[in-house]
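Hi,

Here is the structure I promised to pass on.

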Amino acid sequence: MALAGAATGTFRPRIITASADTSDTHTRRRHWKAGEFPFSTTSPSSGTQRRKPRTTERPPPTPPSKGKVDPEERGRQRHWKAGEFPAAAESQSQSGRRGRARTPIKNVKKRLDARADAKAWACTVTEALSDRIDAKNWQEALKVFAMLKEQPFYYPKEGTYMKLLLLLGRSGQPSLPRQLFTEMQQQGCQATPELYTALIGAYCRSGLLDEALQLLDDMKAAPLCQPDVYTYSILIKAFVDAPRFDLVDAMFKEMAERSVAPNTVTQNIVLSGYCRAGRLDDMEKLLSSMLDSATSKPDVWTMNIILSLFGNSGQVGLMEKWYEKFRGYGIEPETRTLNILIGAYGKKRMYDKMSAVMEYMRRLAFPWTTATYNNVIEAFAEAGDAKNMEDTFNQMRSEGMKPDTKTFCCLINGFSNAGLFHKVVGMVKLAERLDVPANTSFHNAILAACAKADDLMEMERVFRHMKHMQCAPDATTYSILVEAYRKEGMTDKMYALQQENPSLVSTDLVMV
């Protein structure tokens, strides 16, 4: 029956069309996973109709009402405090629903500091040499320089030898610079006037004036290494410090013969030497020649030298006269100049003028430095005015000014002159807490305070501590000790000091 029905029915051939097999073909050719592409991959025969394309714009989302939190935004709550991450709120408002704001980086400052402090895993030999030279460690610098010469890339340079010569000269090593200079010439480096000048400076710092003059003759014999004004200035400074003013005059004569004009620095060096030696006539002649010169006009350093001369000697009238003269020459004072005036007025107990200079500094925006306060404290200390001295020190610390060794020396002397020895102990402890360098002057102030208080046991303990700290005693140290022992009639102790250091304790000082 089934076959009969089929035979009697109309035969329609099956035609395979693309629409009939759309789902199967689409499934076989797709290159994405199910559910990955945004629209459905099912065919129309599956019963699910594909969405028509949008012809109108989607309305903008309604902003949430104030006080309510959008459910989608609830999971994106910030994990930092308000104001901690500056651009968080702004970035979220601008991005909207496009994406979540970046997570803030925690400990930003700590990471930046760690990155800045990070160093390479290895330091080059040249960098190590530069570090040793900057630290003024001449022994380590020479060791690193020996390592540098063993490197295959090493090439001798005049600049490296120049730095080493200056370092050895400032370190008081006169023999090593000469060896280094000879080695440089053997390496094929060309000697320059700067290298000769550095070697002469090393000799002058060690007091080897004859060797320095011999090296000057070698310079004059070399056509490309003629001495200049800097070479002569170094030699003149050494002769002034000696003092050997006959050699100073010889250097000026030689400079004139070689047409080397002295500059202001050279003239200031000689002027300072004349002031220390008390040769006022030569000082005035030199100053007059500076005023008439075109290459060595007086400057503020010249002004400070002259004012220091008369201020330290207590000649306040001459100091004020020369101050007005320099102002007439068009030279304006600096902070150090005004500090010299304050110190001179303080020593003469002219407190009204001292205060006027300090007010002048404030009015013209000159900073009050540590030296300014030291001059005021020293003035009150010499007068034994402990109250004003202590008030000045407290004001100094309240303004953030760091006291130095001279500050505490003046304080110790002031409290000792006022008889407040318990405050002397307090100042010594405060200096230790502030890590103030305890040099020879600092120990001398403590020794003088102990001697004034008739506490010889503490004085001897401070003297032993001074030698233990490798702080070399000077003539003032032994003078304080000898006077304290003479006051008590301890001639045996005075004789022991004379045997300990005969160069600083003379026989006349020991004899009663």
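When I say that residues meet or are in contact, I mean heavy atoms within 4.5 Å. Helices are DSSP runs (H or I, at least four residues; strands would be E, at least two), numbered from the N terminus. Keep in mind that this is a predicted model: local features need pLDDT of at least 70, side-chain atom pairs count only at pLDDT 80 or more, and totals for chains, interfaces and linings use all residues. Residues are numbered from 1 along each chain as its sequence is written, and side-chain values use heavy atoms, with hydrogens and water left out.

**Helix pairs**

Two packed helices are described by the angle between their axes and the distance between the axes. The axes here are lines fitted to C-alpha atoms, for helices over the stretch in contact, and angles run from 0 to 180 degrees between N-to-C directions.

Start with α11 (residues 209-221) and α12 (residues 229-241): their axes are 11 Å apart and the packing angle is about 160°. That makes α11 roughly antiparallel to α12 (angles under 35 degrees count as roughly parallel, over 145 as roughly antiparallel, 65 to 115 as roughly perpendicular and the rest as oblique). Their crossing is left-handed, a label used if the near helix is turned anticlockwise from the far one by less than a right angle, with right-handed for clockwise. On the α11 side, Leu209, Ala212, Leu213, Leu216 and Met219 do the touching, and they meet Thr231, Tyr232, Leu235, Ala238 and Phe239 of α12. By class, this contact has 9 nonpolar residues, 1 polar and no charged. For the classes, Ala, Val, Leu, Ile, Met, Phe, Trp, Tyr, Cys and Pro count as nonpolar, Asp, Glu, Lys and Arg as charged, and the others, Gly among them, as polar.

The contact residues include Leu129 and Arg132 of α6 and Val144 and Phe145 of α7. Sorted by class, the contact of α6 with α7 has 9 nonpolar, 1 polar and 2 charged residues.

And which way do α22 and α24 run relative to each other? With an angle of about 5° and axes 9 Å apart, α22 and α24 are therefore roughly parallel to each other. Phe408, Ile412 and Asn413 are among the α22 residues in this contact, and Phe442, Ala445 and Ile446 are among those from α24. The class count for α22 with α24 is 7 nonpolar, 5 polar and 1 charged.

**Pockets**

On a 1 Å grid over the protein atoms alone, a cavity is a set of points where a 1.4 Å probe fits but cannot get out, while a pocket is an open set with protein on both sides within 12 Å along at least five of seven lines; lining residues have an atom within 4 Å of a point. Grid points are joined across faces, edges and corners, and a volume is the space filled by probe spheres set on the points.

The largest pocket comes out at about 510 Å³. It has 23 lining residues, and Val428, Ile446, Glu458, Arg461 and Val462 are the closest to its centre. The largest share of that lining, 7 residues, comes from α23. In total, 15 of the lining residues are nonpolar, 2 polar and 6 charged.

The second largest pocket has a volume of about 380 Å³. Gly201, Cys204, Arg205, Ile234 and Lys237 are the closest to its centre, out of 17 lining residues. Here α10 gives the most, with 6 residues. The lining divides into 8 nonpolar, 5 polar and 4 charged.

**Two backbone details**

The peptide bond from Ala242 to Pro243 is cis, with omega near -10°; Pro243 lies in the loop between α12 and α13. Ser259, in the loop between α13 and α14, has a positive phi of about 60° although it is not a glycine.

Cheers
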